[in-house]
Amino acid sequence: MIGLSPAAILRGLAVGVLVIAWAALAHYGSAGDGTSDFAAALAVAPLVAIVVILLWRVANPLWMVIGGLGVIGLLATIWPTLRQNVALLYFIQPVGTNLALGILFGRTLLAGRQALVTHFALLAHDGKISPIKERYTRAVTIAWTVFFLSMATVSVLLFFFAPAAAWSAFANLLSLALIALMFIVEHLVRMWALPPEDQSSIADTIRGYRLSTRRQAEKP
């Protein structure tokens with residue numbers, strides 16, 4: 001097993017604080033308490049951040065400038081539409097994210113594929129895990145698939161059949177708590193279901209995820 005460095009812990013805490021702050025502000029905006037411009041800007045901020053990261057990875061100044069100007073031009077063109085459909089913006093993000101994650105986990109359960117959590121475990125342990133851990137990690141992949149698809153379903157139902165404040169509280173606030181609870185429950189089940197030699201730390205999981213991401217980035 002490996003430990004997390006102080007710098008990694010601080011980065012994780014900083015990201016956690018930013019996520020919680022964004023969730024609180026998103027609830028404020030999507031529940032109808034904020035101005036349209038502020039709420040719309042907050043809604044598109046994660047998407048703009050993703051585009052900026054992708055442009056930065058291109059490492060070509062010309063494409064960075066062209067891409068940046070393109071994003072600014074697109075936002076300026078569609079801004080009136082965005083500010084008039086703030087609720088829809090906030091609806092699409094959590095539902096789309098949960099569906100994407102559900103599909104990401106679920107597709108690895110198809111015949112001939114390796115379950116995603118099993119894949120992470122193999123990367124974190126130099127390609128060797130016990131049969132019982134392999135079965136367990138597959139079960140965890142199933143659990144996360146069901147969790148994300150259930151979150152998307154509940155979000156859709158609340159958006160169409162519940163008050164805006166109730167849907168926003170679930171999508172922006174309660175969802176984070178449920179994800180944290182899912183991690184805690186999985187950790188407790190793992191401690192009970194697996195023998196000591198098959199236990200994994202959070203650092204092991206992070207290591208497996210990073211290795212997987214790095215290998216995907218290195219593919220031509």
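**Figure 1. Overview of the predicted model.** The protein contains eight helices and zero strands. Read from the N terminus, its elements follow the order α-α-α-α-α-α-α-α. Of the 220 residues in the protein, 30% are buried. Among contacts with a separation of 6 or more, 72% join residues 24 or more positions apart.

**Figure 2. Crossing of helices H4 and H6.** Two packed helices are described by the angle between their axes and by the distance between those axes. Helix H4 covers residues 86-106, and helix H6 covers residues 131-161. Their axes come within 8 Å and cross at roughly 160°. Angles over 145 degrees count as roughly antiparallel, so H4 and H6 are roughly antiparallel to each other. The crossing of H4 past H6 is left-handed.

**Figure 3. Residues in the contact of H4 with H6.** On the H4 side, the residues include Phe-91, Pro-94, Val-95, Leu-99 and Phe-105. On the H6 side, Trp-144, Phe-148, Met-151, Val-156 and Phe-159 are among them. The residues of this contact comprise 15 nonpolar, six polar and no charged.

**Figure 4. Tyr-28 in helix H1.** Helix H1 spans residues 6-30 and includes Tyr-28. Tyr-28 counts as partly exposed because its relative accessibility is 40%. Tyr-28 and Ser-168 lie 140 residues apart in sequence. In space, the C-alpha to C-alpha distance between Tyr-28 and Ser-168 is 8.5 Å.

Key:
Residues are numbered from 1 along each chain as its sequence is written. This is a predicted model: local features need pLDDT of at least 70, side-chain atom pairs count only at pLDDT 80 or more; totals for chains, interfaces and linings use all residues. Side-chain values use heavy atoms; hydrogens and water are left out. Axes are lines fitted to C-alpha atoms, for helices over the stretch in contact, and angles run from 0 to 180 degrees between N-to-C directions. Helices (H or I, at least four residues) and strands (E, at least two) are DSSP runs, numbered from the N terminus. Angles under 35 degrees count as roughly parallel, over 145 as roughly antiparallel, 65 to 115 as roughly perpendicular and the rest as oblique. A crossing is left-handed if the near helix is turned anticlockwise from the far one by less than a right angle, and right-handed if clockwise. Contact means heavy atoms within 4.5 Å. Ala, Val, Leu, Ile, Met, Phe, Trp, Tyr, Cys and Pro count as nonpolar, Asp, Glu, Lys and Arg as charged, and the others, Gly among them, as polar. Buried means under 20% relative accessible area, exposed over 50%, partly exposed in between (1.4 Å probe, protein chains only).
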